[in-house]
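Welcome, and please open the model in your viewer.

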Amino acid sequence: MAGKSESLFRESLKVFPSGVNSPVRYYRPYPEFIKKAHGPYIEDVEGKRYIDYCLGFGPMILGHSPNNVVEKLKDKLADGFIYGAPTQMEADLGKKISAAIPSIEKMRFTNSGTEATMHAIRLARAYTGKNIILKFDGAYHGSHDYVLQKMGSGGLTFGISSSPGIPGEVSATVVVGKFNDEDSVRRIFSSFRSKIAAVIVEPVLGNVGVIPPADGFLKSIEEQCRNEGAILIFDEVITGFRFNFGGYQNLTGIKPDLTILGKIIGGGLPVGLFGGRNDIMDMVAPSGPVYEGGTFSGNPLTMIAGYETLSELSQKDYAVITKNTEKIATSASESASNYGVQVNVNCIGSMFTIFFNSNRVDSYETAIKSNSDSFMKFFRIAKENGIYLPPSQFESNFVSFAHGTAEIEKTMEIFDTAFKEMRMSL
Ligand SMILES: Cc1ncc(COP(=O)(O)O)c(C=O)c1O
């Protein structure tokens with residue numbers, strides 16, 4: 001007899017393509033359906049608990065349903081959900097973000113990272129009067145027409161490197177550089193001389209699995225943008241408030257013209273943000289002519305969840321999650337090597353990816369040579385033993401502040417078991 005997840009999946013297949021509402025949630029034979037989540041644990045509809053390293057694909061850095069956020073949301077619920085008018089909560093969260101990431105002088109909240117990158121790109125084009133956008137291979141900036149080329153995340157997982165349905169005229173305005181290859185950026189700037197409106201980059205590539213930037217790579221992009229009059233956009237949807245109480249940019253000394261945020265700043269409720277230099281942001285309507293808007297933008301519940309999440313995060317010692325992540329990464333490498341399973345593990349801050357790859361992964365090209373079948377085998381064994389990972393070789397795992405010593409040690413043990421089982425089937 002089919003279990004609860006399988007039955008729910010069959011029902012979902014009737015109303016959603018592949019039974020899901022976002023591609024990377026799908027895996028064979030059917031995804032586990034989730035009932036609830038607390039702290040570092042997620043629980044499926046059968047009541048089975050897992051230590052969670054997906055964390056909603058990144059927002060839940062404090063762990064699931066932190067008390068302070070839950071309490072504040074409960075307090076607020078009786079006051080109405082949306083007003084279509086400004087609130088103090090938007091200003092409070094906006095000021096907190098601007099203080100932590102000073103390059104964001106002004107901002108607009110959106111409901112997703114996708115919306116935020118779309119508006120930022122339109123704004124950069126309007127500001128510079130140029131059309132071409134340079135993005136990087138394997139980067140994912142959401143699912144709108146300007147950025148669905150050589151994308152990571154779900155696109156890469158399901159072998160869709162760019163989506164049909166995008167007019168050729170639009171695709172022709174997007175050029176793709178190689179992440180961690182300064183020369184590829186130089187070559188593109190020299191062939192599209194003075195036509196490049198903006199370069200959009202994930203400062204730590206998180207959507208082909210995690211790949212840290214090579215020394216000098218981001219600085220070189222910044223220099224080239226300055227020399228050529230192009231807008232530099234840091235897409236910090238994943239990296240914002242992930243490595244420190246601010247952006248990854250705070251660690252680099254680079255001041256992007258525009259920054260995109262999402263995930264963590266909404267505390268798990270839908271959110272996105274684009275912001276940056278005053279003179280650029282003042283071009284947004286109605287102070288300027290560049291249109292952007294949204295019924296749900298800056299909605300009160302998201303603002304509360306975001307504010308409370310950031311308030312708690314500002315008290316946290318990020319070294320703790322970094323150390324826990326390094327422990328898992330080192331132990332996974334050792335276990336794999338003990339059992340003769342070829343992996344390369346990347347980690348930075350609280351992000352890690354176990355690449356089933358015999359070579360070091362430092363680019364899109366090296367990442368895509370990883371063995372997805374082996375990854376899925378590992379994923380299934382880990383899941384059977386109580387660990388929930390993002391279901392793709394090309395995603396990052398996230399460690400939260402709620403993951404304590406017990407969970408970290410249990411994880412190392414289960415990973416060891418998984419590699420051992422994999423050796424048997426080699
Ligand atoms: C770097 C980056 N930018 C943009 C997005 C799109 O954000 P959303 O899924 O909220 O639309 C994502 C989503 O994972 C992302 O990782």
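Start by selecting H141, which sits in the loop between β5 (132-136) and α5 (153-157); helices (H or I, at least four residues) and strands (E, at least two) are DSSP runs, numbered from the N terminus. A word on the ground rules: this is a predicted model, where local features need pLDDT of at least 70 and side-chain atom pairs count only at pLDDT 80 or more, while totals for chains, interfaces and linings use all residues. Residues are numbered from 1 along each chain as its sequence is written, and side-chain values use heavy atoms, leaving out hydrogens and water.

Is H141 buried or exposed? H141 counts as buried because its relative accessibility is 2%; buried means under 20% relative accessible area, exposed over 50% and partly exposed in between (1.4 Å probe, protein chains only).

Now show what surrounds H141. Leaving aside residues up to four places away in sequence, H141 touches G113, T114, T117, K135, V147, I200, V201, E202 and D235, where contact means heavy atoms within 4.5 Å. Zoom in on D235: its side chain and that of H141 are joined by a polar contact of 2.7 Å. Such a contact is a pair of N or O atoms within 3.5 Å; within protein, one must be able to donate a hydrogen and the other to accept it, and residues adjacent in sequence count only if both atoms are side-chain atoms.

Next, select R108 in strand β4 (residues 106-110). R108 counts as partly exposed, because its relative accessibility is 28%. Among the residues that R108 touches are G272, L273, F274 and E292. A polar atom of the R108 side chain lies 3.0 Å from the backbone oxygen of A285.

Time to zoom out. Colour domain 1 (32-62 + 316-424) and domain 2 (67-313) separately; these bounds come from an automatic or database domain assignment. The domain centres, taken over C-alpha atoms, are 26 Å apart. At the interface, 31 residues of domain 1 are in contact with 32 residues of domain 2.

Which side chains meet in a salt bridge at 2.7 Å, N to O? Select K178 and E365 to see them; a salt bridge is a side-chain nitrogen of Lys or Arg within 4 Å of a carboxyl oxygen of Asp or Glu.
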